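Hi there,

Here is the structure I promised to pass on. Have a look at it first, then read my notes below.

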Amino acid sequence: MKATASIRVAVRGGRSELVDRRSQAPLSVRRCGGRIIVAASAATPVGGDELRVNIDVDEGAHADIGSVAASMIWPGPNGAASAMTTTARIASGGRLDLWPEPTISVVGSTHAMTTRVWMEAGATARVVEEVVLGRRNESSGDVRMSLRIERNGHPLVHHDEHFGPQAAGAASSVSIGGARHVLSAVLVGVEAGRSRVRLESSHAGAWLPVADDCVVVLAVGADRPAVRALIHELAPELLAAGSQWVAA
């Protein structure tokens with residue numbers, strides 16, 4: 001199955017409005033209060049599915065985009081991989097908050113998550129991805145993640161990850177040890193400051209400045225509550241970024 005959803009947010013009457021939304025089943029786009037929600041109307045993705053979400057944030061607009069629930073990555077009948085590709089373009093003065101619910105890797109599945117963000121000068125962003133490696137008492141499938149953010153045609157961040165039984169050093173300290181919940185995030189438009197690191201037996205995280213106003217946040221733990229608790233301590237700016245942002 002192949003499906004695409006498109007979102008465009010622009011300023012109308014002094015407010016950010018969802019001015020264009022298009023989607024193909026099983027994807028749908030809904031406005032829920034101040035957020036835009038991407039929902040799936042069926043169990044998806046399944047091995048072989050190719051899903052795409054395209055986002056455009058016009059000059060001065062703010063798009064807060066999430067999902068209605070966690071996404072389960074299911075193996076297909078013939079072993080084919082599934083893919084989810086998200087592309088976003090943010091005009092000058094625009095702001096993108098992209099924080100969907102976690103992606104859950106089901107044993108036997110193979111999945112690729114690709115996120116590409118192109119920003120103009122003066123744009124800001126918070127892009128967060130969470131992956132759960134397997135359901136309770138199960139191992140995970142194979143997950144490859146690729147996140148790239150460019151500003152004015154120049155790369156700010158390019159971060160690739162590979163998790164699952166096929167990953168090099170899986171379940172070792174080279175990878176994420178016994179952690180099952182992984183969060184990776186990029187903030188563009190914050191005071192980056194200095195690096196911060198937390199290393200504990202059950203969880204680990206890092207605040208990694210890559211530019212004066214750009215930070216990568218990485219955190220792993222046993223489950224989502226453990227990772228959220230770590231983020232509250234290590235990177236509270238990630239949870240309350242709106243009051244922290246400055247013009248890029």
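A quick definition before anything else: helices (H or I, at least four residues) and strands (E, at least two) are DSSP runs, numbered from the N terminus. This is a predicted model, where local features need pLDDT of at least 70, side-chain atom pairs count only at pLDDT 80 or more, and totals for chains, interfaces and linings use all residues. Residues are numbered from 1 along each chain as its sequence is written, and side-chain values use heavy atoms, with hydrogens and water left out.

Two strands pair if DSSP finds at least two bridges between them. Seven strands form an open sheet with mixed pairing, in the order E2-E1-E5-E8-E11-E13-E14. At the edges are E2 (15-23) and E14 (154-163), each pairing on one side only. Inside the sheet, E1 (residues 2-12) and E5 (residues 50-57) run parallel, joined by eight bridges. Arg8 stands opposite Asp56 in E5.

Which residues have a positive phi without being glycine? One is Asn137, at about 65 degrees, and another is Asn152, near 55 degrees. Asn137 lies in the loop between strand E12 (124-133) and strand E13 (142-151), while Asn152 is in the loop between E13 and E14.

For accessibility, buried means under 20% relative accessible area, exposed over 50%, and partly exposed in between (1.4 Å probe, protein chains only). Asn137 is exposed at 74%, and Asn152 is partly exposed at 48%.

Cheers
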